[in-house]
Amino acid sequence: MYALFEGNKQIGDPFPSEKEVWEAALIEGLVTDVPVADEEGGRLLPAGYHVAQVEETFEPKPAWKLPREIS
């Protein structure tokens, strides 16, 4: 899992791949372009931001569901 960080603080949800983190940052307007492996470019994220691998935490989902309407 990968996530976007501002300094040492994780911002946003983790994603299964770095690509998905870059896409989310692009959608949020934090980057103007995604990195390409064989091209060297300038800084893509604002100063202080970076993408890093995070440990996957398992949060079990409840076996029950809430009703759609509560009367």
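Me: What share of the accessible surface of the chain belongs to carbon and sulfur atoms?
Reply: This is a predicted model. The accessible surface of the chain comes to about 6,400 Å². The part belonging to carbon and sulfur atoms is 51%.

Me: What percentage of the residues of the chain count as buried?
Reply: The chain has 71 residues. Buried means under 20% relative accessible area.

Me: In what order do the elements of the chain run from the N terminus?
Reply: The secondary structure comprises 1 helix and 3 strands. Strand 1 covers residues 2-6 and strand 2 covers 9-15. Helix 1 spans residues 18-27, and strand 3 spans 49-53. Read from the N terminus, the order is β-β-α-β.

Me: In which sense do strand 1 and strand 2 pair?
Reply: The two strands form a hairpin, with 2 residues between them. In the turn, G7 has a positive phi of about 65°. E6 stands opposite K9 of strand 2. Over 4 bridges, the pairing is antiparallel.

Me: Which residues of helix 1 are buried, and within what arc do they fall?
Reply: The buried residues in helix 1 are V21, W22 and A25. They line one face of the helix, because seen down its axis they fall within an arc of 100°.

Me: Which exposed residues does the face of helix 1 turned away from its buried side carry?
Reply: The buried residues of helix 1 have cover that includes strand 1, strand 2 and strand 3. The face turned away from that buried side carries exposed residues. They are K19 and I27.

Me: Where does a positive phi of about 85° occur?
Reply: Helix 1 ends at residue 27. The positive phi comes just after this helix. The residue is G29.

Me: Which element gives the largest share of the largest nonpolar core?
Reply: The largest nonpolar core has 7 residues: L4, V21, W22, A25, V31, L45 and Y49.

Me: How far apart are the closest N and O atoms of K19 and E23?
Reply: The structure holds 1 salt bridge, and K19 forms it with E23. The two are 4 residues apart in helix 1, so about one helical turn separates them. K19 counts as exposed, at 57% relative accessibility, and E23 is partly exposed, at 32%. The closest N and O atoms are 2.8 Å apart.

Me: What distance separates the C-alpha atoms of H50 and W22?
Reply: H50 lies in strand 3, while W22 is in helix 1. Along the chain they are 28 residues apart. Their C-alpha atoms are separated by 10.0 Å.

Me: Is H50 buried or partly exposed, and what is its relative accessible area?
Reply: Beyond its neighbours within four places in sequence, H50 is in contact with A3, L4, F5, G7 and L45. Buried would require under 20% relative accessible area. H50 is partly exposed, at 33%.

Me: What percentage of the contacts with a separation of 6 or more comes from residues 24 or more positions apart?
Reply: The total here takes contacts in the chain with a separation of 6 or more. Residues 24 or more positions apart account for 43%.

Conventions: Residues numbered from 1 in each chain as written. Predicted model: local features only at pLDDT ≥ 70, side-chain atom pairs only at ≥ 80, totals over all residues. Heavy atoms only, no water. Buried < 20%, exposed > 50% of the residue type's maximum accessible area, 1.4 Å probe, protein only. Contact = heavy atoms within 4.5 Å. Areas by Shrake-Rupley, 256 points an atom, 1.4 Å probe, with all protein chains shown as cover. Arc of directions from axis to C-beta. Core = buried A, V, L, I, M, F, W, Y, C linked by side-chain atoms within 4.5 Å. Salt bridge = Lys/Arg side-chain N within 4 Å of Asp/Glu carboxyl O. Pairing = 2+ DSSP bridges.
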